Amino acid sequence: MYTAKAFAAHSASSPLAPFALQRREPLPQDVRIEILYCGVCHSDLHQARNEWNATTYPCVPGHEIVGKVAQVGSGVTKFKPGDMVAVGCMVDSCRTCPSCADGLEQHCEHGPVFTYNSPDRHSGGMTYGGYADRIVVDEAFVLRVPEKLDPAAAAPLLCAGITTYSPLRHWKVGPGQRVGIIGLGGLGHMALKFAHAFGAEVVLFTTSPGKAEDARRLGAGEIVVSRDAEAMARQANRFDFILDTVSAPHDINAYLNLLKRDGTLTLVGVPPEGLPVMPFSLIGGRRQLAGSLIGGIRETQEMLDFCGEHGIVCDIEVIPIQRINEAFERLLKSNVKYRFVIDMATLGGEPAGN
């Protein structure tokens, strides 16, 4: 074991602060990564403040990690020191269940090991995430970052990117389809980029008319203000697929009614409470309401390679680690376009003791 520098939350009400954590020395299949950048996901805030009632403290968030390989174990074959790599939301799974066998580790039937706040099968404690200067991960859960991608702007691809890429691919979004994206934030802006790159006709639904210009830049061909009842009514029965990225309470039925017969609306946003569904919103057009959770390792690498080929990255604001608490407050106000990324070179100094 060795000591790494990090920032951690020590309670639901305390700000994140410097912290010293213990990382394992690399095992034969492990890769030690010096973290260069870590994206800030809204789920980091939820976990740090125990809003999902499942946080173990101290909690070191961060699951949008990009860095360079510093050391590899004796059995590692995929990576070498100096490689630019990434780690997303998972660092392990059972690897034997049907979901893992299908490359869908996020649905591991024994539970995936998440990058932070998850039982650590090696230490016996909890995993610690990417708000740190280094991390050790089994090579099976390490991803290669294409050389063409800016490493800072690539970091949020590990969550915001794959969370939107996976459902668009699974439901075969492409040319000839009319696709709706609900919400323009960290997830929504990536959904626009991907749906446009896949060749679909893309429509953004937003409560903010002021986002129209940005939405067009990101790939939307049309913008509908969802508070405009007449504008919404004109969209009825027109969509093959709708991706809902909104985590605030909203009327899901208003969007289900926009689907064509056999159309699908997929949730990737997580509102704090349930979304009431009117049965006739589904059965009237044999419509489907579905959900999607990140993506497996194989698909995440596919997504990164696609981004490398098409020059797709996240729109980001780079911050020093010392501004993470301010960033959390701005997240609550949706005051970022569209993802914060921490420059881990700013970590510096001596961490506080355990």
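The following questions and answers walk through a predicted model of one protein chain.

Residues are numbered from 1 along each chain as its sequence is written, and side-chain values use heavy atoms, with hydrogens and water left out. Because the model is predicted, local features need pLDDT of at least 70, side-chain atom pairs count only at pLDDT 80 or more, and totals for chains, interfaces and linings use all residues.

Student: How many helices and strands does the protein chain have?
Tutor: Helices (H or I, at least four residues) and strands (E, at least two) are DSSP runs, numbered from the N terminus. On that basis the count is eleven helices and 17 strands.

Student: What radius of gyration does the protein chain have, with its 354 residues?
Tutor: The radius is taken over C-alpha atoms, and the globule rule is 2.2 Å times the number of residues to the power 0.38. The C-alpha trace spans about 60 × 40 × 35 Å along its principal axes. For 354 residues the rule expects a value near 20 Å, and the chain agrees with it, at 20 Å.

Student: What percentage of the residues of the protein chain count as buried?
Tutor: Buried means under 20% relative accessible area, exposed over 50%, partly exposed in between (1.4 Å probe, protein chains only). Applied to the 354 residues, the buried share is 55%.

Student: In what order do the six strands of the open sheet stand?
Tutor: Two strands pair if DSSP finds at least two bridges between them. The pairing here is parallel. Strand E12 (222-225) and strand E15 (288-291) have a single partner strand each, so one side of each is left without a neighbour in the sheet. The order is E12-E11-E10-E13-E14-E15.

Student: By how many degrees are neighbouring strands of this sheet turned against each other on average?
Tutor: Axes are lines fitted to C-alpha atoms, for helices over the stretch in contact, and angles run from 0 to 180 degrees between N-to-C directions. For this average, direction is ignored. The turn is 20 degrees.

Student: Which helix packs on the sheet and touches strand E10 (178-182), E13 and E14?
Tutor: Contact means heavy atoms within 4.5 Å. The direction of this helix makes about 160 degrees with that of E13. The helix covers residues 160-170 and is H4.

Student: Which residue in E14 stands opposite isoleucine 242?
Tutor: Strand E13 (residues 239-244) and strand E14 (residues 259-267) pair in the parallel sense over five bridges. Opposite isoleucine 242 stands leucine 265.

Student: Is phenylalanine 241 buried or exposed?
Tutor: Phenylalanine 241 sits in strand E13. Its contacts beyond four places in sequence include Pro167, Leu168 and Trp171. Its relative accessible area is 2%, so phenylalanine 241 is buried.

Student: How far apart in space are serine 292 and proline 167, C-alpha to C-alpha?
Tutor: Serine 292 is in the loop between E15 and helix H10 (297-310). Its contacts, neighbours within four places aside, include Ser166 and Pro167. Serine 292 and proline 167 are 125 residues apart in sequence, but their distance in space is 6.1 Å.

Student: Which residue has its backbone oxygen 2.5 Å from a polar atom of the side chain of threonine 55?
Tutor: Threonine 55 lies in the loop between helix H1 (42-48) and strand E4 (65-72). At 13% relative accessibility, it counts as buried. Past four places in sequence, threonine 55 touches Gln47, Asn50 and Asn117. The backbone oxygen belongs to glutamine 47.

Student: What phi does asparagine 117 have?
Tutor: Most residues other than glycine have a negative phi. Asparagine 117 is in the loop between strand E7 (113-114) and strand E8 (134-138). It counts as buried, at 12% relative accessibility. Its phi is positive although it is not a glycine, at about 55 degrees.

Student: Is arginine 286 buried or exposed?
Tutor: Arginine 286 also has a positive phi, about 50 degrees. It is found in the loop between helix H9 (279-283) and E15. With a relative accessible area of 57%, arginine 286 is exposed.

Student: Which residue does a cis peptide bond join to lysine 337?
Tutor: Omega for this bond is about -10 degrees.

Terms used
Polar contact = N/O pair within 3.5 Å; in protein donor to acceptor, adjacent residues only side chain to side chain.
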